[in-house]
Amino acid sequence: MERMTKTIALLPGDGIGPEVIFAAASLLEDCGTEFGHRFELVEFPLGGAAIDRCGTPLPPETLEGCLAADAILLGAVGGPRWDALPLDKRPESALLGLRKKLDLYANLRPICLHESLSTISPLKLERTRKIDFEIVRELAGGLYFGTHRMESENGVERAFDDITYSTAEVERVARFAFARAEARSKRLTSVDKANILATSVLWRKTVERLAADYPEVSVQHLYVDNAAMQLVLAPEQFDVILTSNMFGDILSDGAAALTGSIGLIPSMSWGFGPPLFEPIHGSAPTLVGQDRACPIGAILCTSMMLRQAFGLSAEAEWIESAVDHVLARGYRTPDIADVNSSVVGCSEFVALVRAEMQASVKQQEPYGWGV
Ligand code: IPM
Ligand code: MG
C-alpha cells in the first residue's frame, strides 16, 4: 500500500466555516497517522476573514497556496458584517474568484439520504426510500460570471446580469456528468429552460449531441421549474442531474433539504486546478460560537477528497463508516435531531466520530485496513 504525501490547503473562511473545517482536518490527521500518509495542512485566509486581515477577500498568497496544493478544503464565506460591501468586494467574490482562477467547472453535490436519518426528511417516508443522486452543477460560467451592472437614467435605475455559455463550456461539464452517470445507474437528467433561454437551447443541443458518445446512458431533459417539482414529488427517479451554474445553486439547496439538513452535504469542485472540497451549508452566522453546527458535510468532504482526489477508498470508508455508526447510535447535532436522539454539539459529534474510528481500528487488528 502506497504511503502518500499530500499538501492540503485549508480555507476555513467565515461563520461556522472554521469550526467545521478544523473538525474535518482532525480526521485527516487521524487518517494520516493510521495509514502512514503525510498530509500537510496549510491554512490560508479567505472571504470576510481575509478582508479583515489583508483587506481583500482573495489575497494572492491564498490563491498561490491553493494552486500549489494537491487539494483544497474550504469552509464557507460571508456574513452580515460584510453585507454592505459592493458585489465585487464581498466575501462571496473570493469563492467565485477561486472557481474561475482554478477553472473548477464541475461541481458535484451528492444527495443521499442516510438510512438512520430517513425520518427527518420533510418528505413522506414512502418517498424517502431511495434518495440517492448527484447534482453536477456548471461552476465557472453562466449567470454568475456575466457582467453585472447598474445604470440610472432620469432617476430610473436598471440592473443587468448577462448570461452566456459557449459550446465548449457546456461540453466539458456535460462530459463530466455523463462519466458520473456511466459509473452509477446510467441515467442523466439535464435541466435547463430551453423554452425561454438561448443559453439553454445551446445547452440542450450540446447534451443531445454528446449523448451519442455515451450509448449506455439514458438522457432526459427537464425544464428547471418542472425539475424543482419532480425533486419534491419523486426524487427517487434521479441518478445524475446536470445543470447550469444558477439552476444548480437553487436546485441543490432544495435537494439537500430532502435529506434532512443542508449541513449533511459535501461537494467537490473539479476542473483544471486542484480539486476543491466544501460543505454546501454556507457560513450560517446565526450558529456561530454556539457549538451547534453540523460537521457532517465537512467530514464527508474529507472522505470525498480521499476517494476522488487521492484514490484512497479504504481511508474514505473508514471515516464514512464511523459517521454511520455514530448516527446509528442516535447521536445528532440539533439540525438533524428528532425526539429519540441524543443531541450533541459539533465538537462532541466529532469526538464521537474520532473515537469510533479508533475503536474500529482495534477491531480490525491485526490485519488492519488492507494496508
Ligand atoms: C454555493 C453558495 C455560493 C454560490 C455563494 C456563497 C456565493 O451558495 O456554493 O452554493 O452561490 O455558488
Ligand atoms: Mg448555494
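**Reading the surroundings of ligand 1**

Me: How far does a polar side-chain atom of Arg137 lie from an oxygen atom of ligand 1?

Reply: A polar contact is a pair of N or O atoms within 3.5 Å, and in this predicted model the Arg137 atom lies 2.9 Å from a ligand 1 oxygen. Polar side-chain atoms of Arg99, at 2.8 Å, and of Tyr144, at 2.6 Å, also face oxygen atoms of ligand 1. Local features here need pLDDT of at least 70, side-chain atom pairs 80 or more, while totals for chains, interfaces and linings use all residues. Side-chain values use heavy atoms, without hydrogens or water, residues are numbered from 1 along each chain as written, and chains are lettered from A and ligands numbered from 1 in written order.

Me: How much of ligand 1 does the protein bury?

Reply: By the Shrake-Rupley method with a 1.4 Å probe, ligand 1 alone exposes 310 Å², of which the protein buries 77%.

Me: Which residues surround ligand 1?

Reply: Counting residues with a heavy atom within 4 Å, they are Glu92, Leu95, Arg99, Arg109, Arg137, Tyr144 and Asp249. Helix α4 (residues 92-101), a DSSP run of H or I with at least four residues, gives the most, with 3 residues.

Conventions
Polar contact = N/O pair within 3.5 Å; in protein donor to acceptor, adjacent residues only side chain to side chain. Helix = DSSP H or I, 4+ residues; strand = E, 2+ residues; numbered from the N terminus.
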